[in-house]
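I would ask you to bring up the structure and to follow along as I go through several parts of it in turn.

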Amino acid sequence: MSLQTQPAAPLPSQAGGRLTMPIQTGMDEEVRRLIARLGADAVRNSDGTELPGIVSELATKVYSTYFVGRGDNAWADAHPDEATRIFLMSNRVAATADGPVSIDLLASWFADQVRPDTDCDVTRWWQAHDRTTGQELPATAWSIGAGGRTVTLHEALAGHVYTVSFLAIQTWDPTQMYNYLTNGWDEDPTRVKEKPFDVRHEATWSHVRAHLSAWLTKHPEVDVVRFTTFFYHFTLVYGADATERFVDWFGYSASVSVPALEAFEEEYGYRLTAEDFVDAGYYNSPFRVPTRAFRDWIDFQQRFVCSRVRELTDAVHAQGKEAMMFLGDNWIGTEPYGEHFATTGLDAVVGSVGSGATCRMIADIPHVRYTEGRFLPYFFPDVFHPGGDPVSEANRSWLEARRAIVRSPLDRIGYGGYLSLAVEHPDFIDRVEQIVAEFRAIHERSAGLRPLTPGFKVAVINSWGRLRSWMTHMVAHALWYRQTYTYLGVLEALSGLPVDVEFLSFDDVRAGLAPEVKVLICAGAEGTAFSGGEQWADAELVAQVSSFVAAGGGLIGVGAPSAHPAHGVTFQLADVLGVDREIGWGLSTRRRAPEGEEHFITRDLTGGLDDGEGTPDIVVTSPATRVLDAADGQVRLAVHELGRGRAVYATGLPYSAQNSRLLHRAIFWSAGCQKEFSAWAALDPRVEVAAYPDRRTTLVINNSLEPVTTTVPTPQGPRTVRLEEGGHQWLTAASQ
């Protein structure tokens, strides 16, 4: 029976709760019917919808979106100098002859969204660079044209490439712009393009505080103020064709203002420039090894943002309401794993669930009373249209998220968008009913507790550490990218495995590892913040990891762990991993031909390793290295022992049931616990098992869209189960 047609189990009369449903005006009877059918105990509006007049009659908790830094164009128009700013860089322009070169600053940026700020001190906040030499040009070497859109370099050199980095005014809020363009709001005369404003300016901050106070008084029906979000949007800038040109969900480039930059200089004792933000055009993406200046700016802005968020949450609490933050949109400065987040006083965080990793990213957030996942698909016309298939997306989203929910339960789930679109797909509503019932069952049967784990920790190490827990290798949330899915697969697998996971920075590793950490994972492409790049030039870091393994620890490297060519090797941990990457410098050295052999780690592999994009030219460096998978004379999977410890290397590990099982086995083998593995894994890799602390309750889930019969471990002994496609079973001691 397919998931699409499987009838939902009837809900007991007392069942319900843990569900937030989007509602809108003009659907009163449909709203009442769906609340009763789905057991929703909370309702919400969305960007572009209004709460209907019946909301106070629904006997549910009422969420209302609240926009702190947008939605008041009268204020924005009256205070244009207090709009938010962003640092941008022009196109790279090659000079074809000596002499003047003109650069159009907005040639590839969306003029409806940004415009150059020519009212600031451009000699201080703008920069022109010769990118061929890497040198900044003096301010006397360039001038701004009429209208402020072009810059002329007076004495460019033939064959050299030039850019101009400039402070720009944001004239359209990026999220509202995205929704506006996606939904065709330009055809609606009531829609306005909302302008953002910056609370760094005291007048705007006073206005924001007063507006919130008045709004709270005006809306007694609202129980939860859903801040969407606060002050600074992640870096989302459209190109001249009105489509995304640069998007970085972690970007701080749009959190700048002259008052903030001046305050930073006064506190830290040094001046930031445009280049510290545009970063030669990389904009400090999370894949870049962060500079000291960028780290300082992040901490500086987080302290400021969190302090002002606290003032808003205090105002909300004073009215007897809850304060919820949406993990997205204007979330910059409120990173929930940062050291300042605890000071915000927020009651809850809600975020979009696009995978198991993003689910854990929300569920593991500390310092809040509850977490909520907004499930996909969003009720927008890009999915909900005639001929659309929202059920398939709902199935994929649920099966990936369920693994993570089992390990670290969300407190609530919900949906967003236009309910009027969703009800046109009754098969989707049927599927939502099933998903909600299953989610509630997980909470009720597990009592909200996490299942048992083996008692040791797995630490993912990278340049960001705890700050970006469960967020590595993401560009725009969990969207697919060819260059990242191979590594994001490691995180996705970990999100549903029965192990305790934490995220450590390289500074944390240098400071020493806690005794409960048994396995380190370093995964990423060469030169990135995740594999470490030049961090591995530090001999102390190399020695710490090598000593950890030699003393009995485990190391799992994926892709280019510790890649930094120096001292005769590309991987600075080559002597631990037993493999290295050939970059052309050692071709004269004859190396051992790799030949695969059987091993505990590969016992569940069928048809060889899927390493995704892989990593080329991996070679054996030690006679003790055991190659488990090879192709075209290149190592793809290998193990190596050093002292009392063990290391595993894989060229790539995209998420799949087989690769998740391989990582599970690799963790237990590298931790020296392979004899215990059968107590934590079903015989079939498509099935996962969670045993709960009472040692009488076990949950078995089928992560595939095929029926599976397999043997699973329970505290009372092995049990054979048959699971429907995507199905689950609860096993209790009495049923053994």
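I begin with helix H13, which spans residues 485-495 and is mostly covered, with ten of its eleven residues buried. Please bear in mind that this is a predicted model.

I turn now to a pair of helices. In general, two packed helices are described by the angle between their axes and the distance between the axes. Here the pair is H10, residues 390-407, and H12, residues 426-446; their axes come within 10 Å and cross at roughly 5 degrees. Angles under 35 degrees count as roughly parallel, and therefore H10 is roughly parallel to H12. On the H10 side, the contact is made by Pro390, Val391, Ala394, Asn395, Trp398, Arg402, Ile405 and Val406. H12 contributes Asp427, Phe428, Arg431, Ile435, Glu438, Phe439 and Ile442. How do the residues of this contact divide into nonpolar, polar and charged? Ten are nonpolar, one is polar and four are charged.

The largest cavity has a volume of about 120 Å³. It is lined by 18 residues, and the closest to its centre are Leu497, Arg661, Pro685, Val687 and Glu688. The largest share, four residues, comes from H17. By type, the lining of the largest cavity has ten nonpolar, three polar and five charged residues.

Finally, I come to an open space. The second largest pocket has a volume of about 830 Å³. Its lining consists of 32 residues, and those nearest its centre are Glu50, Thr65, Phe67, Gly71 and Glu194. Strand E3 (61-66) and helix H5 (202-218) each provide at least two residues of this lining. Which element gives the most to the lining of this second largest pocket? It is H5, with five residues. The lining residues of the second largest pocket divide into eleven nonpolar, 13 polar and eight charged.

That concludes my presentation, and I thank you for your attention.

Conventions
Residues are numbered from 1 along each chain as its sequence is written. This is a predicted model: local features need pLDDT of at least 70, side-chain atom pairs count only at pLDDT 80 or more; totals for chains, interfaces and linings use all residues. Side-chain values use heavy atoms; hydrogens and water are left out. Axes are lines fitted to C-alpha atoms, for helices over the stretch in contact, and angles run from 0 to 180 degrees between N-to-C directions. Angles under 35 degrees count as roughly parallel, over 145 as roughly antiparallel, 65 to 115 as roughly perpendicular and the rest as oblique. Contact means heavy atoms within 4.5 Å. Ala, Val, Leu, Ile, Met, Phe, Trp, Tyr, Cys and Pro count as nonpolar, Asp, Glu, Lys and Arg as charged, and the others, Gly among them, as polar. On a 1 Å grid over the protein atoms alone, a cavity is a set of points where a 1.4 Å probe fits but cannot get out, and a pocket is an open set with protein on both sides within 12 Å along at least five of seven lines; lining residues have an atom within 4 Å of a point. Grid points are joined across faces, edges and corners, and a volume is the space filled by probe spheres set on the points. Buried means under 20% relative accessible area, exposed over 50%, partly exposed in between (1.4 Å probe, protein chains only).
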